[in-house]
Amino acid sequence: MIFLSTLLLSVLITIALVPVFSTLAVRWRMVDLPGARKVHTRAMPRCGGIAMALGAFVPVLLWNHKEPLVQGWLAGALILVAFGVVDDIRSLCAKWKFLGQIAAALVVIFWGGVKIRTLGTLAPDDFLLPVWVGVPLTLLAIVGVTNAINLADGLDGLAGGICLLIFTCIGYLAYIEGDTVNGLVALALVGAIFGFLRYNTHPASVFMGDTGSQLLGFSAVTLSLDLTQGNTALSPVLPLIVVGIPVLDTLTVMATRIARGRSPFAADQTHFHHNLMALGLRHTESVTLIYACQTALVISAFLLRFYSDWLLLTGYLVFSVATIVLLSLAGRNVWHEKLVDVAGQGSSVYRYLQNVKTKGIAIRYAFPALQAVLYLLLLVICVLPAKVPVYVTYSAPPFGALILATRIWKKEWVPDALRFTLYLLIPVVVYAGNQACAPWAAGFPMRLCNVSFGGLAFLDIAVSKLSKRRDGFKSTPLDFLILLLAVGIPNMPERSLQEFQLGLIAAKIIILYFSFEVLMAEMRREFDHLAVVTGVALLILFVRGIL
């Protein structure tokens with residue numbers, strides 16, 4: 001239960017704090033102004049990093065704060081957050097940023113014990129790096145990746161989504177290796193990023209700022225190094241694969257600047273996301289494509305985690321060269337016109353899809369299907385648990401009374417009452433049903449229920465994409481990540497993870513949360529049907545609990 005509570009607590013804290021800090025950010029002038037290298041056109045609060053930091057720190061402090069790694073990570077992260085906040089308010093010069101990054105890295109090296117001790121088979125057998133080599137190399141790696149994630153934060157949801165994939169991979173590898181410490185920290189960061197992406201996917205309403213990007217980069221390299229440099233069979237090359245896209249992007253940009261006779265630290269528009277948008281891809285298409293590339297690297301890291309270090313390094317170099325060559329060819333107008341045609345109004349496929357959306361042909365079937373599947377699943381998860389927890393049984397009537405009272409006296413509060421009820425009950429009920437299901441549900445019924453969640457995820461994306469409502473729930477690159485996790489997590493090959501079912505539980509909860517957001521955005525403020533179904537679900541839980 002500690003894993004699930006860590007994930008949910010970090011999500012809820014971040015979601016709750018982002019609006020609060022957004023208001024304060026305007027007052028503190030903690031905003032990102034539009035500019036020549038910026039893609040946004042209005043001042044944006046740069047406070048998401050503070051909310052994410054608190055969202056990750058709180059559950060880690062509650063469950064696992066006595067480990068040296070955790071203490072070193074927390075201390076180093078706090079240094080970066082402090083420097084980041086000052087930077088987001090007053091724009092520190094480069095030397096002060098590097099000072100903060102070096103201080104954080106030294107803390108986690110000497111307090112947390114994170115060091116590069118071995119290069120695996122890249123060096124002679126059983127060769128351990130001397131301290132005078134290992135410490136500077138670790139310092140360089142931590143500072144380098146911290147800056148790489150910082151530089152990757154150029155489009156809405158880009159750095160957050162990349163890091164979500166990175167920490168999901170780290171958390172999963174830590175779990176199958178039995179590394180609870182790394183696993184819990186990674187899971188807390190996954191939850192914080194999910195909560196932040198609720199506000200940061202295009203069009204974003206808040207940015208993470210240097211506070212968030214440096215925190216994520218520092219955490220990614222720290223956890224991945226600690227995971228692969230201990231007593232483990234995991235390849236020490238894995239951290240390079242896991243953070244592959246940001247590292248490749250940074251090295252390519254710096255090499256390009258040097259080749260042009262400029263400082264490698266001079267700001268410009270030569271990052272991967274800039275190049276993709278210059279080719280004619282839209283904001284969301286560029287982000288999704290980079291997500292896909294990062295996903296490929298993360299999957300490779302998992303599948304090849306026990307393979308030869310030379311094979312991993314060679315594979316990454318081949319991937320890097322192929323990526324650079326493809327972008328170079330595209331930048332020379334080899335594919336530019338084709339990409340613009342596919343993405344633009346001239347494409348017959350694009351015109352057909354726009355016609356389908358405008359006439360509302362598909363949404364007439366997709367929305368009722370979403371509504372039916374979601375209502376059915378809500379009722380099903382209430383009858384799945386072998387035993388309803390006592391606190392759920394006796395909390396069902398007050399929740400029902402709350403929904404009824406708002407329906408009678410304050411109708412405009414009904415959506416908030418429904419969200420409050422569903423968001424608190426769903427995690428507990430899903431967890432209870434997956435840990436100990438009723439005898440009748442074992443086997444095929446449970447498998448059918450699990451498959452239904454995948455179908456529900458597809459319907460979510462279809463409805464959000466096909467919606468004609470301006471204020472409806474819009475599909476974003478976050479949908480790609482949700483669909484990836486929804487389909488991928490339940491089908492992970494490790495039997496131990498399937499038995500514990502943590503990933504499946506988290507995927508179900510996230511899909512249900514996402515589904516209710518899509519549904520409520522499309523209901524035109526007519527929530528009677530949802531209120532009735534929620535009431536029936538509460539009644540089922542109460543009756544089953546007292547019997």
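At what angle do the axes of helix α3 and helix α4 cross, and within how many Å do they come? Let's start there, keeping in mind that this is a predicted model. The axes of α3 (residues 68–90) and α4 (residues 94–110) come within 7 Å, and they cross at roughly 170 degrees. Since angles over 145 degrees count as roughly antiparallel, that crossing makes α3 roughly antiparallel to α4.

You can follow the contact residue by residue. On the α3 side, look for Gly-72, Trp-73, Ala-75, Gly-76, Ile-79, Leu-80, Phe-83 and Asp-87. They meet a set in α4 made up of Trp-96, Lys-97, Gly-100, Gln-101, Ala-103, Ala-104, Val-107 and Val-108. Sorted by class, this contact of α3 with α4 has 10 nonpolar, four polar and two charged residues.

The largest nonpolar core has 97 residues, and Trp-73, Phe-167 and Leu-216 are the ones that touch the most other members. Helix α7 (residues 180–200) gives the most to this core, with 14 residues. As background, nonpolar side chains in soluble globular proteins tend to be buried together.

Next, the aromatic rings. The count comes to three aromatic pairs. One of them joins Tyr-172 and Phe-302 in a tilted arrangement, 5.2 Å centre to centre and with 55 degrees between the planes. Tyr-172 belongs to helix α6 (residues 158–176) and Phe-302 to helix α12 (residues 283–303), so this pair ties together parts that are 130 residues apart in sequence. Are the two partners buried or exposed? Buried means under 20% relative accessible area; Tyr-172, at 10%, therefore counts as buried, and Phe-302 is buried too, at 11%.

Finally, turn to Leu-54, which is found in helix α2 (residues 48–63). With a relative accessible area of 34%, Leu-54 is partly exposed. Leaving aside its neighbours within four places in sequence, Leu-54 is in contact with Ile-13, Leu-17, Phe-21 and Pro-59.

Terms used
Residues are numbered from 1 along each chain as its sequence is written. This is a predicted model: local features need pLDDT of at least 70, side-chain atom pairs count only at pLDDT 80 or more; totals for chains, interfaces and linings use all residues. Side-chain values use heavy atoms; hydrogens and water are left out. Axes are lines fitted to C-alpha atoms, for helices over the stretch in contact, and angles run from 0 to 180 degrees between N-to-C directions. Helices (H or I, at least four residues) and strands (E, at least two) are DSSP runs, numbered from the N terminus. Angles under 35 degrees count as roughly parallel, over 145 as roughly antiparallel, 65 to 115 as roughly perpendicular and the rest as oblique. Contact means heavy atoms within 4.5 Å. Ala, Val, Leu, Ile, Met, Phe, Trp, Tyr, Cys and Pro count as nonpolar, Asp, Glu, Lys and Arg as charged, and the others, Gly among them, as polar. A nonpolar core is a set of buried Ala, Val, Leu, Ile, Met, Phe, Trp, Tyr and Cys residues joined through side-chain atoms within 4.5 Å. Buried means under 20% relative accessible area, exposed over 50%, partly exposed in between (1.4 Å probe, protein chains only). Rings of Phe, Tyr and Trp (its six-membered ring) pair if their centres lie within 6.5 Å; planes under 30 degrees apart count as stacked, over 60 as edge-to-face and the rest as tilted.
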